[in-house]
Amino acid sequence: QVHLVESGGGLVQAGGSLRLSCAASGSIVSLNTMGWYRQAPGKLRELVATITSATSTNYANSVKGRFTISRDSAKNTVYLQMNNLKPEDTAVYYCNANWRDYRRILYNDWGQGTQVTVSS
């Protein structure tokens with residue numbers, strides 16, 4: 001089992017910045033693609049950004065040029081630097097991780113979510 005613990009959410013004014021962190025712990029042999037997703041009230045959960053173990057990244061069009069995803073493999077941690085935040089970025093942000101245990105079985109897990117609120 002893996003635990004994903006997110007931190008860094010909060011309330012910020014439009015144009016401001018926040019940095020989210022997600023630390024993975026547990027029976028991890030290899031941590032593969034990690035990502036951030038978000039869900040606003042009344043909307044479906046959507047992809048924000050992903051990063052592979054080779055640090056290849058992918059972003060939603062709505063955040064390109066404003067958000068940056070990165071990872072520290074030694075710490076099993078993924079980050080999301082969010083700049084020039086807009087009110088429409090308000091959502092619960094969830095960390096997601098694909099990982100393998102010693103049997104090479106592939107798992108997918110979610111964090112508990114962290115609230116990001118951007119005021120206008």
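This is a short walk through the structure, one selection at a time.

Before you click, note that the model is predicted, with local features needing pLDDT of at least 70 and side-chain atom pairs counting only at pLDDT 80 or more, while totals for chains, interfaces and linings use all residues. Residues are numbered from 1 along each chain as its sequence is written, and side-chain values use heavy atoms, leaving out hydrogens and water.

**Whole chain.** Along the principal axes, the C-alpha atoms fill a box of roughly 50 × 25 × 20 Å.

**The four-strand sheet.** Now select β1, β3, β8 and β7, which form an open sheet in that order with antiparallel pairing (two strands pair if DSSP finds at least two bridges between them). β1 (2-7) and β7 (67-72) are the edge strands with a single partner each, so one side of each has no neighbour in the sheet. Zoom in on β1 and β3 (residues 18-26), which are joined in the antiparallel sense over 6 bridges. There, serine 7 sits opposite serine 21 in β3.

**Aromatic pairs.** Show the rings: the whole structure holds 2 aromatic pairs (Phe, Tyr or Trp rings, the six-membered one for Trp, with centres within 6.5 Å; planes under 30 degrees apart are stacked, over 60 edge-to-face, the rest tilted). Pick tyrosine 37 and tryptophan 110, whose ring centres are 5.0 Å apart with planes at 70°, so this pair is edge-to-face. Tyrosine 37 belongs to strand β4 (residues 30-39) and tryptophan 110 to strand β10 (residues 106-110), so the pair ties together parts 73 residues apart in sequence.

Move on to tryptophan 99 and tyrosine 107: their ring centres are 4.5 Å apart and their planes at 20°, so they are stacked. Tryptophan 99 is buried at 3% relative accessible area, whereas tyrosine 107 is partly exposed at 26%.

**Arginines over rings.** Which residue lies over the face of tryptophan 110? Select arginine 45, at 4.6 Å from the ring centre (the test is NZ of Lys or CZ of Arg within 6 Å of the ring centre and within 35 degrees of the ring normal). For your last stop, arginine 19 lies over the face of tyrosine 79, at 4.1 Å from the ring centre.

Terms used:
Helices (H or I, at least four residues) and strands (E, at least two) are DSSP runs, numbered from the N terminus. Buried means under 20% relative accessible area, exposed over 50%, partly exposed in between (1.4 Å probe, protein chains only).
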